[in-house]
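Open the model in your viewer and keep the selection panel handy. The tour has two stops.

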Amino acid sequence: MNKDTIITCAITGAGNPGQHPDFPITPEQIANAAIEAGDAGAAIAHIHVRDPETAAPSRELALYREVVQRIRDSHSDVIINITAGMGGDFVPGDDNPGVGGDGTDMIGAAERIAHIEELQPEICTLDCGSINFGDDYVYISTPPILREMARRVKAVGVKPELEVFELGHLAFARQMQADSLLQAPALYQLCLGIPWGAPANTTAMKAMVDMLPEDCNWAGFGIGRLQMPMVAQATLLGGNVRVGLEDNLYLKRGVFASNGQLVEKAAGIIRAMGGTIASPDRARDILGLRGSQ
């Protein structure tokens, strides 16, 4: 069991805004939600941005810049973790499945991490493989793209959080670690419950944990109603945890949550199990971030 647990709060993600009355959309709202999560006990805030007018997921550098600046200008010492997962969506066209239809957003490695290279957060995500993301589209991250992203992220001193949605992703992430493309200690995130990846259950999480290299840090999460059960499961297996509105909108059935409330609920579960919550500075020590050096 992990006795000193790092909580990540995934603030907004790439879905869900129309389903929640107070979903963070503007840079100010996203930054304030990250600060709220830090005040509630999250050591890390995972950041996506959205078009303030349409609420659609965005790759706009100026939006990321504003969110990061607002957090850095505040009193919060929460660790900033920015997504590098945008730009891999392929939606087969209705008439020709070989041509991307509406919703396709495909770019190369350099474009996917341009905002990471400029803003240099302490952590960025790195989605470690392609996957049928539900029934609507394929998320594409090929080995050459991932290796190039890993090299460029390492060059600017940002820690990649290796997002693994199934066992093949974990195997490839381990290979990148063996090829010295990652800063030590490597950081893995076990992402459970996304159709059609690994399910959010004990068997899947344990299988992934058993494949992790010894010299790494890891966290795990489940989506929807399984978010909090997976908090307990990850803690029991010795890992860290992730909660937030990206993965789950509800505090309990029929009651919408805020990011801060989800962090507080996760912290309560961890403390009830006999664990403690790692501060941002403690998390920096555990993860080997440059902020601790």
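Start with the lining of the largest cavity: its residues divide into 7 nonpolar, 3 polar and 1 charged. Here Ala, Val, Leu, Ile, Met, Phe, Trp, Tyr, Cys and Pro count as nonpolar, Asp, Glu, Lys and Arg as charged, and the others, Gly among them, as polar.

This is a predicted model: local features need pLDDT of at least 70, side-chain atom pairs count only at pLDDT 80 or more, and totals for chains, interfaces and linings use all residues. Residues are numbered from 1 along each chain as its sequence is written, and side-chain values use heavy atoms, with hydrogens and water left out.

**Stop one: the cavity**

Select Ile6, Thr8, Ile44, Glu161, Leu187, Gln189, Trp218, Ala219, Asn240, Val241 and Leu287. They line the largest cavity (on a 1 Å grid over the protein atoms alone, points where a 1.4 Å probe fits but cannot get out; lining residues have an atom within 4 Å of a point). It holds about 60 Å³ of space. The structure has 1 cavity of 30 Å³ or more.

Now colour strands E13 (186-192), E14 (216-222) and E15 (240-243); each supplies at least two lining residues (strands are DSSP runs of at least two residues, helices of at least four).

**Stop two: Thr12**

Go to the loop between strand E2 (7-10) and helix H1 (27-40), and pick Thr12. Is Thr12 buried or exposed? Thr12 counts as buried because its relative accessibility is 0% (buried is under 20%, exposed over 50%, with a 1.4 Å probe and protein chains only).

Show Arg50 next: its side chain makes a polar contact with the Thr12 side chain at 2.8 Å (N or O atoms within 3.5 Å, one able to donate a hydrogen and the other to accept it). Then show Pro24, whose backbone oxygen lies 3.3 Å from the side chain of Thr12.

Key: 1 Å grid on protein atoms, 1.4 Å probe; cavity = no way out; pocket = protein on both sides within 12 Å on 5 of 7 lines; lining within 4 Å. Points joined across faces, edges and corners; volume = space filled by probe spheres on them.
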